[in-house]
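User: Hi! Could you walk me through this model while I have it open?
Analyst: Happy to; here it is.

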Amino acid sequence: MLSRRSLIAAPVVLAAASTLRITPALARAPAQGPSPAVYRFQVGTAEVTALTDGTLDLSTDLFPGAQQDPTTAERLLAQAGRPDKALPTFVNACVVNTGDKLVLVDTGAGPGQDFGPGLGRLPKNLALAGIDPAAVDVLVLTHLHPDHVGGMAPAQAAAFPNAELVVAEPEYAFWTDQGVAAQAPKDFQPFFAAARAAVAPYGNRTRRVRGGEIVPGVTLEPAPGHTPGHSMVRVSSGTDQLLIWGDIIHVAALQFDKPDWAIAFDADHAQAAQTRRRVFDMAAADRLLVAGMHLPFPGVGRVARRGDAYAYVPEPWRVL
Ligand SMILES: [Zn+2]
């Protein structure tokens with residue numbers, strides 16, 4: 001029997017039911033997890049894909065300069081909008097397709113490294129970018145630190161099975177020399193072991209160079225200090241250039257303003273600072289497009305001079 005109350009409620013119930021039927025978007029969507037991080041752009045006719053392996057947390061404690069001058073460090077962090085001294089920092093890699101050759105620069109930290117859960121995403125991002133690891137012709141390393149070589153042989157096998165490995169001679173010699181390793185501080189011993197394990201599977205497919213052309217349009221340039229053989233990769237096509245500068249800088253919020261502030265991981269603090277100033281000067285004077293392995297993703301931008309200091313100008317995102 002219909003009561004007055006049920007008559008009033010009926011249309012409401014019907015309306016609610018029809019709403020549920022026609023708005024399936026109200027259903028809960030599953031979370032999608034970490035953002036894909038792929039950015040593709042042109043340098044002349046070369047196609048460049050910036051990729052990330054993820055982020056790790058650095059800290060101002062790693063900068064002796066910041067510890068000696070905490071007031072300036074705090075000012076720079078405030079300027080960058082950082083609430084505290086924790087510095088989330090990207091680990092990037094880059095793929096250059098010259099048209100003839102597919103060149104990968106660095107490989108991230110890889111899985112299972114002791115860098116926290118934020119890294120190891122390069123394989124997924126390579127897949128999202130449509131890049132088959134087997135299609136990589138040349139793997140170039142800016143240097144042999146674990147956050148750059150960890151992704152090249154994570155299971156003691158070459159992750160890029162057809163790639164020729166190109167490394168600067170002084171870099172290769174330093175990290176694979178048992179005598180140097182034996183004399184290194186205990187904290188750095190695992191770095192030597194990781195470097196040796198990473199390059200081993202590439203065996204006789206390894207080209208050790210002093211610099212110069214890697215493939216037509218891609219050259220290696222020495223930039224020592226961060227490590228003995230730390231190098232940059234320059235891509236040239238027509239009048240366009242891109243300087244993939246590896247670890248010239250680790251924390252943009254601090255080191256563009258204070259290029260003399262070395263990070264604890266710099267092997268030779270004075271030489272690293274000198275190289276950083278030289279490269280900043282060159283990039284600013286030549287208005288070079290640069291890509292950095294630890295710049296905020298996609299890590300592509302330019303350097304502007306600000307008196308005795310510098311500023312980072314991220315390149316606006318370009319859609320092909
Ligand atoms: Zn690094």
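**Rings, strands and a metal site**

Analyst: Let's begin with a cluster in which ring pairs link Trp245, Phe256, Phe280, Tyr310 and Tyr312. Keep in mind that this is a predicted model.

User: Nice. How many aromatic pairs does the structure hold?
Analyst: The structure holds 12 aromatic pairs. One of them joins Tyr39 and Trp317, a tilted pair with 4.3 Å centre to centre and 45 degrees between the planes.

User: And where do those two sit in the chain?
Analyst: Tyr39 is in strand β1 (residues 38–43), while Trp317 lies in the segment after β14 (309–314). They are 278 residues apart, so the pair links distant parts of the chain.

User: Is Tyr39 buried or exposed? What about Trp317?
Analyst: Tyr39 has a relative accessible area of 2%, so Tyr39 is buried. Trp317 counts as exposed because its relative accessibility is 51%, and the cut-off for exposed is over 50%.

User: Switching topic: what's the strand order in the open sheet?
Analyst: The open sheet has 7 strands in the order β1-β2-β3-β4-β5-β6-β7, with mixed pairing. Its edge strands are β1 and β7 (206–209), each pairing on one side only. From one strand to the next, the twist averages 25 degrees.

User: How does β1 pair with β2?
Analyst: β1 and strand β2 (residues 46–59) are antiparallel, over 6 bridges. Our friend Tyr39 stands opposite Ala50 in β2.

User: And what are the neighbours of β4 doing?
Analyst: Strand β3 (residues 86–97) pairs with β4 in the antiparallel sense over 4 bridges, and Val96 stands opposite Val103 in β4. β3 and β4 form a hairpin with 4 residues between them, and Gly99 in the turn has a positive phi of about 105 degrees. β4 also pairs with strand β5 (residues 138–140), in the parallel sense over 3 bridges. There, Leu104 has Leu139 in β5 as its bridge partner.

User: Which way do the β4 side chains point?
Analyst: In strand β4 (residues 102–105), Leu102 and Leu104 point one way and Val103 and Val105 the other, and all are buried. In a regular strand, side chains alternate between the two faces of the sheet.

User: Which helix lies across β6 and β7?
Analyst: Helix α6 (residues 169–176) lies across β6 (164–168) and β7, running at about 90 degrees to β6.

User: Now the metal. Which residues coordinate the zinc ion?
Analyst: Asp147 (OD), His148 (NE2), Asp247 (OD) and His294 (NE2) coordinate the zinc ion, at 2.1 to 2.3 Å. In sequence, the donor residues are spaced D-H-x98-D-x46-H. His148 is in helix α5 (residues 146–149) and His294 in the loop between β12 (289–291) and β13 (300–306), 146 residues apart. Both His148 and His294 are buried.

User: Why is the site irregular?
Analyst: The angles among the 4 donor atoms run from 90 to 175 degrees. Four donors count as tetrahedral if all angles lie between 85 and 135 degrees, so the value of 175 degrees rules that out. The site of the zinc ion is classed as irregular.

Terms used: Residues are numbered from 1 along each chain as its sequence is written. This is a predicted model: local features need pLDDT of at least 70, side-chain atom pairs count only at pLDDT 80 or more; totals for chains, interfaces and linings use all residues. Side-chain values use heavy atoms; hydrogens and water are left out. Rings of Phe, Tyr and Trp (its six-membered ring) pair if their centres lie within 6.5 Å; planes under 30 degrees apart count as stacked, over 60 as edge-to-face and the rest as tilted. Buried means under 20% relative accessible area, exposed over 50%, partly exposed in between (1.4 Å probe, protein chains only). Two strands pair if DSSP finds at least two bridges between them. Axes are lines fitted to C-alpha atoms, for helices over the stretch in contact, and angles run from 0 to 180 degrees between N-to-C directions. Contact means heavy atoms within 4.5 Å. Donors are N, O and S atoms within 2.8 Å of the metal (3.2 Å for Na, K and Ca); water is not among the atoms, so sites may look incomplete. Four donors count as tetrahedral if all angles lie between 85 and 135 degrees; four count as square planar and six as octahedral if opposite donors are over 155 degrees apart and all others between 65 and 115; anything else is irregular.
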